[in-house]
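This report describes selected side-chain and strand features of one protein model. The sequence and structure are shown first.

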Amino acid sequence: MTIQWFPGHMAKARREITEKLKLVDIIFELVDARIPESSSNPMLKEIIQQKPRLILLNKADMADRTITNRWIDHYAEQGQTALSINSHAGMGLKEIVKSAERLLHEKIERQKAKGLKPRAIRAMIIGIPNVGKSTLINRLAKRNIAKTGNTPGVTRAQQWIKVGKELELLDTPGILWPKFEDQETGYKLALTGAIKDTLLNMQDIAVFGLTYLKNFYPERMVERYQLTDIPEEISVLFDKIGQLRGCLTSGGAVDYDKTAEIVIRDLRMQKLGNITFDFPERKA
């Protein structure tokens with residue numbers, strides 16, 4: 001299955017972001033802590049040029065904490081600042097302005113040297129669909145100003161939002177890129193909800209998820225589905241989970257659609273624990 005999703009409004013959003021870039025001091029790139037690499041738009045470097053960038057690993061409560069810390073270390077080695085946050089619960093948000101001020105320290109000092117009164121930091125929030133941009137903005141602004149939703153593609157237009165006296169945010173629609181270089185990236189985005197389910201073959205996504213669990217979190221799968229062993233063949237594993245969960249047709253055969261729904265829902269709702277699908281060591 002080939003996974004692609006690049007609606008027309010996203011192409012328009014890219015143009016608008018490029019045009020507004022000169023108005024901001026810094027970029028806040030919001031990524032999904034479960035898939036930091038897969039949820040980072042590779043077009044970003046081309047778009048933001050030389051602007052300072054603060055990477056925000058959102059949904060950290062859903063990710064494997066040990067691996068999230070390894071990602072933060074990895075970014076530091078690359079000269080990038082990254083923070084682990086949970087915008088829904090408000091975790092780590094106080095560090096965002098502090099980190100932005102550190103990244104912009106030289107610029108702020110130059111303004112002071114010219115006798116200019118420092119103004120609020122202007123930041124542009126960039127991220128793929130359904131990564132939590134609107135939730136983060138509402139948390140920072142302490143009011144429901146940005147439209148939120150649990151499906152991708154909710155934000156369709158740019159808007160400026162004041163966050164106290166220290167920060168002004170430019171919200172932008174989520175942007176995916178026209179072509180994924182490898183389909184594994186597409187599967188990870190689909191599995192974590194960045195692509196609309198109606199565009200996907202859910203059985204293929206579930207098989208990808210089970211294969212990943214088998215390779216990296218086998219004990220979680222054994223516990224959740226009460227398996228006595230893990231079959232070598234994924235098709236056999238899929239059948240076994242369907243049987244154990246009672247996902248059967250009237251004729252007694254495994255209902256693959258229902259089985260896929262259960263597996264994907266379990267992964268998204270943390271029924272298999274906190275899982276990360278990208279490892280910094282495996283980054284090319």
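## Terms and basis

A polar contact is a pair of N or O atoms within 3.5 Å; within protein, one must be able to donate a hydrogen and the other to accept it, and residues adjacent in sequence count only if both atoms are side-chain atoms. The model is predicted: local features need pLDDT of at least 70 and side-chain atom pairs count only at pLDDT 80 or more, while totals for chains, interfaces and linings use all residues. Residues are numbered from 1 along each chain as its sequence is written, and side-chain values use heavy atoms, with hydrogens and water left out.

## Two aspartates

The side chain of Asp 255 reaches the backbone nitrogen of Lys 258 at 3.1 Å. Asp 255 is found in the loop between α10 (234–244) and α11; helices (H or I, at least four residues) and strands (E, at least two) are DSSP runs, numbered from the N terminus. With a relative accessible area of 17%, Asp 255 is buried, a term that means under 20% relative accessible area, with exposed over 50% and partly exposed in between (1.4 Å probe, protein chains only). Leaving aside neighbours within four places in sequence, Asp 255 is in contact (heavy atoms within 4.5 Å) with Cys 247, Leu 248 and Thr 249. Between Asp 255 and Gln 243, 12 residues apart in sequence, the C-alpha to C-alpha distance is 8.8 Å.

Asp 266 lies in helix α11 and is buried, at a relative accessible area of 3%. Its contacts, leaving aside neighbours within four places in sequence, are Arg 224, Tyr 225, Arg 245, Lys 271 and Leu 272.

## Aromatic pairs

Rings of Phe, Tyr and Trp (its six-membered ring) pair if their centres lie within 6.5 Å; planes under 30 degrees apart count as stacked, over 60 as edge-to-face and the rest as tilted. By this rule the count comes to 7 aromatic pairs. One of them joins Tyr 212 and Phe 216, a tilted pair at 4.6 Å centre to centre with 35° between the planes. These two residues are about one helical turn apart, because they are separated by 4 residues in helix α8 (residues 202–216). Tyr 212 is buried at 5% relative accessible area, whereas Phe 216 is partly exposed at 34%.

Tyr 212 also forms a tilted pair with Phe 277, at 4.9 Å centre to centre and 50° between the planes. Phe 277 belongs to the segment after α11 (256–268) and Tyr 212 to α8, so this pair ties together parts that are 65 residues apart in sequence. Phe 277 is buried, at 4% relative accessibility. Tyr 212, Phe 216, Tyr 217, Phe 277 and Phe 279 form one aromatic cluster.

## Strand β6

In strand β6 (residues 167–171), 5 of the 5 residues are buried, so the strand is largely enclosed by the rest of the structure. Leu 167, Leu 169 and Asp 171 point one way, and Glu 168 and Leu 170 the other. Strands β4 (residues 121–127) and β6 run parallel and are joined by 4 bridges; strands pair if DSSP finds at least two bridges between them. Ile 121 stands opposite Leu 167.

## Nonpolar cores

A nonpolar core is a set of buried Ala, Val, Leu, Ile, Met, Phe, Trp, Tyr and Cys residues joined through side-chain atoms within 4.5 Å. The largest has 67 residues, of which Phe 28, Leu 56, Ile 96, Leu 136 and Leu 169 touch the most other members. Helix α8 gives the most to this core, with 6 residues. Apart from it lies another core, of 11 residues, including Leu 21 and Leu 170.
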